[in-house]
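Me: I have a structure to look at and would like to understand the terms used for it. Could you take me through them?

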Amino acid sequence: VYPINSYREVLKAAKDVEYYGKPVLLGGNPVSVSTALFLLRAGLETTIITTKPYLLWGFVDEDISFLVKKELERRGIVVKQNAHVEGVRGVDRVEGLVVDGETLKCSVVIVYEQEKPNVNLLKGLGVKLGFNGGALVNEYMETNFGDIFAVGRCVEVRNKLFGGFDSLVLAPAASKQGLTAGYRILGVKRPYDGSVNAFIISTPYLLSLIHISEPTRPLYISYA
């Protein structure tokens, strides 16, 4: 069982998938879908399981999700939505995953479920959190405490298109946020102008998806 949260875990999972086959991808986000397509091209039977109401939940609407699911299934990828995962079967190795009371045979489980922002360091400090649980920051990556900065997956930043706060899991955005915070700490004001929460799934014979998410709340704040 591999929770994918580092490049090292990716390498370990890839080695096991190559040797044992029969992978199951737990999570219905864009990375999971892209991985399933890659594994399919490598000749491996693949299953995507998501506990969310539908595939790509939180990234696209249900109509688009239906089209993606239909195309994936046409290609031979099994997709289970709104699933209840009960546990893993096996002693020395994974032999199956118990889903909705049934055991799905597999040899490798790769976990792609989207994590909530990790704000454990901020608990008890009075830092304001957003609707999605991330730290609210201004254009200089400052929280409501001017000497506490936050960047990356743990924050909610301004969405360029809609003006509200949005959670991003994008490396380029995190890099820009880090530069902004670093400059501000050094006394240089170079504001971070926000990001667009977008992704692309593109592969031959599958529709390409470009998604721009609308934030939950159309609001932008600036701390004095």
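Me: What makes the nonpolar surface patch of about 380 Å²?

Reply: Leu 179, Tyr 183, Leu 186 and Val 188 make this patch. By definition, patch residues have over 30% relative accessible area and no salt bridge, and nonpolar side chains (Val, Leu, Ile, Met, Phe, Trp, Tyr) are joined within 5 Å, like charges within 9 Å. A salt bridge would be a side-chain nitrogen of Lys or Arg within 4 Å of a carboxyl oxygen of Asp or Glu. Areas come from the Shrake-Rupley method with a 1.4 Å probe, and for residues only the protein chains shown count as cover. This is a predicted model, where local features need pLDDT of at least 70, side-chain atom pairs count only at pLDDT 80 or more, and totals for chains, interfaces and linings use all residues. Residues are numbered from 1 along each chain as its sequence is written, and side-chain values use heavy atoms, leaving out hydrogens and water.

Me: Why is Tyr 183 called partly exposed?

Reply: Its relative accessible area is 30%. Buried means under 20% and exposed over 50%, with partly exposed in between, so Tyr 183 is partly exposed. Tyr 183 is found in helix 4 (residues 171–185); helices (H or I, at least four residues) and strands (E, at least two) are DSSP runs, numbered from the N terminus.

Me: How do you know that strand 6 and strand 7 pair?

Reply: Pairing needs at least two DSSP bridges, and strand 6 (residues 96–99) and strand 7 (residues 102–105) have four, in the antiparallel sense. Val 99 stands opposite Glu 102. The two strands form a hairpin with two residues between them, and Asp 100 in the turn has a positive phi of about 55 degrees.

How values were computed:
Buried means under 20% relative accessible area, exposed over 50%, partly exposed in between (1.4 Å probe, protein chains only).
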